[in-house]
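Please read these notes with the model open beside them. They take up a helix pair and then a disulfide.

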Amino acid sequence: MKSIITVIICLISSTTFAQSNYEKSMGQAMSLWRSGEIQKASALLERISQAEKDNWIPAYYQAMILTAAAFREKDKEAQMRYIQSAETILNNGLQENNSEWLVLKAMNTTALMVTDPMTKAKELSPVIISLYKKALAITPNNPRAVLGLAEFQMNAKKYFNQDSSKECEDVKKAVSLFNEEKVTVPFSPSWGKDRAEQILKVCK
């Protein structure tokens, strides 16, 4: 999961669009994130979100930044603060019919699970799978939902030494969907293709 976060940051930072004030501010937030300024990036995205009340994307990236920080953070207390802050944003976002939002909720719940997998996996694994499946029910061709569910289930099967050929086929499908994806809205989620290709290389 840490590697997919790195891919997300690199992809977002290289995305260019015609620069409105909103896009300049979003670009600044992404630059702050890329340079490791988590708190500054999060605070700026919160201000953008307040100014763009009908736009879910700034809040999405604020929660994304906090979730990404949770995966990288070694201090347990700081890690939980990041997870809980992202969770608050995601729960208050009123985006339960937004496939991308649900994928991010699944990622944040995964971050919570990996803080103590031995005790939390049994409870949270079904929640994570349910979030991915709900995202797919809303948007069946969302490549991030296809990839997220496949990778999560693949990791679980690896733990139990089970065959993951089905998940490999799903990753292959995700790559195809990424190739077909067209982003027309500035900063709309488009990450994940590189990660899918990496996983596909090690599929048996």
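1. The axes of helix α2 (residues 21-34) and helix α4 (residues 57-72) come within 12 Å and cross at roughly 0°. Axes here are lines fitted to C-alpha atoms, for helices over the stretch in contact, with angles from 0 to 180 degrees between N-to-C directions. Helices are DSSP runs of H or I with at least four residues, numbered from the N terminus. α2 and α4 therefore count as roughly parallel, a term for angles under 35 degrees.

2. This is a predicted model, in which local features need pLDDT of at least 70 and side-chain atom pairs count only at pLDDT 80 or more, while totals for chains, interfaces and linings use all residues. Residues are numbered from 1 along each chain as its sequence is written, and side-chain values use heavy atoms, leaving out hydrogens and water.

3. Which residues meet between α2 and α4? From α2 come Tyr-22, Met-26, Met-30 and Trp-33; from α4 come Ile-57, Pro-58, Tyr-61, Met-64, Ile-65 and Ala-68. Contact means heavy atoms within 4.5 Å. The residues of this contact are 10 nonpolar, no polar and no charged; Ala, Val, Leu, Ile, Met, Phe, Trp, Tyr, Cys and Pro count as nonpolar, Asp, Glu, Lys and Arg as charged, and the others, Gly among them, as polar.

4. The structure has one disulfide, meaning a pair of cysteine sulfur atoms within 2.5 Å. Cys-168 and Cys-203 form the disulfide, with S to S 2.1 Å. The torsion about the S-S bond is about -100°, so the disulfide is left-handed.

Conventions:
Helix = DSSP H or I, 4+ residues; strand = E, 2+ residues; numbered from the N terminus. Parallel < 35°, antiparallel > 145°, perpendicular 65-115°, else oblique.
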